[in-house]
Amino acid sequence: MEGLGTTSTWSLSRGIDFNDLSTAHAERDGKTLGCKQHVEPEQRPLRILILGASDPAHIIKTVARAWRKGRRRIEFVVLESQISALARTILLLDVMFSQSEVGTDDRASLFLELYGNLLVRSSTTSHVRTRCAHFMSTLSASPTSSLAPGITLSSNLLKFREKDDLDSAFDFFRSSKKRFDASAMWDARLRRLYGNRYDSREAVVDWDFNMKVRRLAPSIDAEAFAEFRASGVGFPVRSAVGTDANRTLATVDVMKDGDGCGVAKWGVFSDVAVGPFCAWGLDSEDKRLLREEDRKRVIGVRDVCLWNLKAARREWETSTVTPSYDEEVEQKGSGITQVSDVASAVVEGGPEVAIHIGTLAALDKLSRSFPEGFDRIFVASALAARVPELLPHLAKPEHDQVEGAVMVVEAAKFVFILSFRFLSSVLTSYLFLASKRFVLDFTKGQTAEYVKRVTQMAEEAGLATEDRWQVGSGVDPDHLLFKLDAARSGLATRSASRSGAGMVTAV
């Protein structure tokens, strides 16, 4: 599994506001935003299917900015291959949207600590135990519960056995009895990643950063990248030192025991090579965060992530675009405290949000639960082989009142280090949809061939490239956007329905 691991715990692509699909490629400049306020809610909700994201970034960004488009109700369906990913997503959404006396700064720091640190503070561990116990109680008592004002969480798509598994995941996250040596597991992963280069790993990290990361993701700075690679800590919390294992980063994989039998075990089976910086740190609506001096970013990726999270929370609370980074620094330097830096109530009248959680097995029942289909379908790159069977779930033109339904497929643009198995599957799988700009092992010819095959597959499946939000010719996209080809969608939908049961994931 080398660098990327077998299971994701964070996204390797930027977070998307599904009300504004230009964010799939780049953030708009906050100075030029046009927002619609006090608009009557549309009768039909915006329905979004998220497949295998392993990250709440898309949900958070869409919910925080929903007021810009009026009061249209939003319904998310979040499906994951592992129950632990659902449990972690719930905990992170709770940190972001829950009502408490925690200020915006501390809330964003807590989120990033849980999101991207292998080791956390004891106070964070106490928070996880408390909230896990809360969700074990509420989700077992009722299939629908309130996550925050105006936001409901539903487990109706989960089978009874899966609900028990979710309960077990929360129980493991809060456990102090079950041994989980995260640091030892991290070191074991690094030894496998570096092989005989382990003793010179600092030089390898420096090479990876200067020859790959700096060119492909200029927002990620050397210090943050090196510290993550060395210790698994992406976002240090001020001067505090983490002492407890972050169990929310644990996932399950099958390991062989002494007798050669497969046994499911908890461990660190996710990314140890790229880092938790892509979803929140690559771009910002405040373009001053991205300014450069001497061809280097002035503000590090950790500060960009922190600012973007604080901006999202404040926007959700106040239904206004947050002040700029520089303005906040000036206000803090002068001792001025903003209203949004203390606990505040959500503005009444914001759009209602429903989040339905489930596993991939729930795909079979979506047509019954959501017969009108989905306006947006997001597919993680590891599950892109399932694109053809998802075609029947795209909302048909007659059901979409505003614009055509769009399928967004995650690119592999920010995959800096690949295992041989992952690379081989990309080269040989006809159904693996991902932009190859950031797959460093590819030659230009292989990249061109890959794009050609993806385009051919999409056309044969009944999809057409959606280029309304394309950032410009010659620019490699962060995501691939497709819409139904009106001339062929009927045939493709019937074909996908017949062949969907036989699809397998290309990983």
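This briefing walks through the fold of one protein chain, from its overall make-up to single residues.

The structure is a predicted model, in which local features need pLDDT of at least 70 and side-chain atom pairs count only at pLDDT 80 or more, while totals for chains, interfaces and linings use all residues. Residues are numbered from 1 along each chain as its sequence is written, and side-chain values use heavy atoms, leaving out hydrogens and water. The chain contains 16 helices and 15 strands; these are DSSP runs numbered from the N terminus, with helices (H or I) of at least four residues and strands (E) of at least two.

**The chain as a whole**

- Of the 507 residues, 55% count as buried; buried means under 20% relative accessible area, exposed means over 50%, and partly exposed lies in between, with a 1.4 Å probe and protein chains only.
- The chain exposes about 21,900 Å², and carbon and sulfur atoms supply 50% of that area; accessible areas come from the Shrake-Rupley method with a 1.4 Å probe, and for residues only the protein chains shown count as cover.
- Among contacts (heavy atoms within 4.5 Å) between residues at least 6 apart in sequence, 77% join residues at least 24 apart.

**The nonpolar cores**

- In soluble globular proteins, nonpolar side chains tend to be buried together.
- A nonpolar core is a set of buried Ala, Val, Leu, Ile, Met, Phe, Trp, Tyr and Cys residues joined through side-chain atoms within 4.5 Å.
- The largest such core here has 93 residues, and Phe76, Phe111, Phe170 and Ile355 have the most contacts inside it.
- Helix 2 (residues 83-97) gives this core its largest share, 10 residues.
- Another core, of 30 residues, lies apart from it and includes Leu49, Leu383, Val387 and Ala405.
- Leaving aside residues up to four places away in sequence, Phe111 touches Pro56, Ile60, Leu92, Val95, Met96, Trp280 and Leu309.

- Strands of a sheet pair through backbone hydrogen bonds, either parallel or antiparallel.
- Nine strands form an open sheet with mixed pairing, in the order 4-5-11-2-1-12-13-15-14; two strands pair if DSSP finds at least two bridges between them.
- At the edges are strand 4 (144-148) and strand 14 (463-465), each pairing on one side only.
- Neighbouring strands of the sheet are turned by 25° against each other on average, direction ignored; the axes are lines fitted to C-alpha atoms, for helices over the stretch in contact, and angles run from 0 to 180 degrees between N-to-C directions.

**A closer look at strand 1**

- Strand 1 (residues 46-51) pairs in the parallel sense with strand 2 (residues 74-80) over six bridges.
- In strand 2, Val78 is the bridge partner of Ile50, and Val77 is that of Leu49.
- Leu46, Ile48 and Ile50 point one way from strand 1, whereas Arg47, Leu49 and Leu51 point the other way, and all are buried.

**Cysteines and an exposed serine**

- The chain has zero disulfides, a disulfide being a pair of cysteine sulfur atoms within 2.5 Å.
- Cys278 has its nearest cysteine sulfur, that of Cys305, 9.0 Å away.
- Cys278 counts as buried because its relative accessibility is 1%, and Cys132 counts as buried because its value is 0%.
- Ser176 sits in the loop between helix 5 (160-174) and helix 6 (182-194).
- Ser176 counts as exposed because its relative accessibility is 55%.
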